[in-house]
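Have the chain open beside you as you read.

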Amino acid sequence: MASMEFDRPSAAPPVLGVDPGQPAMGDFAGLALLLGRSSGPEVGEVTLEIRGLDDGTTALLAYGSLSALVTGCGSEQPWIAVPAEAVDRLAIEAQVDVVLWDVDLPRELRHTDGGR
């Protein structure tokens, strides 16, 4: 798994240990949730998590809702929220081959330590 740093003031801080049964955690309308975390002390400094695929290509994983992210990646996956319309631009900047939406990761590929 590789990572790519971006300076995005619109990024939300990562959230860990989310309970998918929890009541709504804010309005995510118009946002995409990407695998990533804060990477520095400045607001908006984030590292996107880039996943390698079996065929040698790279992917940026995006989720349309918090429940889809928790279902697909588990409750320990750190994430950031970005405007949905920014996903394609971020994928180009990160030089990934594909953006995959709402993917279920196998358990062995999920974070189990809060993303560390």
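Predicted model: local features only at pLDDT ≥ 70, side-chain atom pairs only at ≥ 80, totals over all residues.

1. Residues are numbered from 1 along each chain as its sequence is written, and side-chain values use heavy atoms, leaving out hydrogens and water.

2. A nonpolar core is a set of buried Ala, Val, Leu, Ile, Met, Phe, Trp, Tyr and Cys residues joined through side-chain atoms within 4.5 Å; buried means under 20% relative accessible area, exposed over 50% and partly exposed in between, with a 1.4 Å probe and protein chains only. The largest such core has 14 residues, and Leu-34, Leu-48, Leu-60 and Val-82 have the most contacts inside it. At least two residues each come from β2 (31–38), β3 (45–52), β4 (58–63), β5 (79–83) and α2 (87–94). The largest share, four residues, is from α2. Another core lies apart from it, with 12 residues including Leu-33 and Ala-81.

3. Helices (H or I, at least four residues) and strands (E, at least two) are DSSP runs, numbered from the N terminus. In α1 (residues 66–73), the buried residues are Leu-66, Leu-69, Val-70, Gly-72 and Cys-73. Their cover includes β2, β4 and β5. Gly-74, with a positive phi near 90°, follows α1.

4. Is Val-103 buried or partly exposed? Val-103 counts as partly exposed because its relative accessibility is 23%. Leaving aside neighbours within four places in sequence, Val-103 is in contact (heavy atoms within 4.5 Å) with Leu-61, Tyr-63 and Gly-72.
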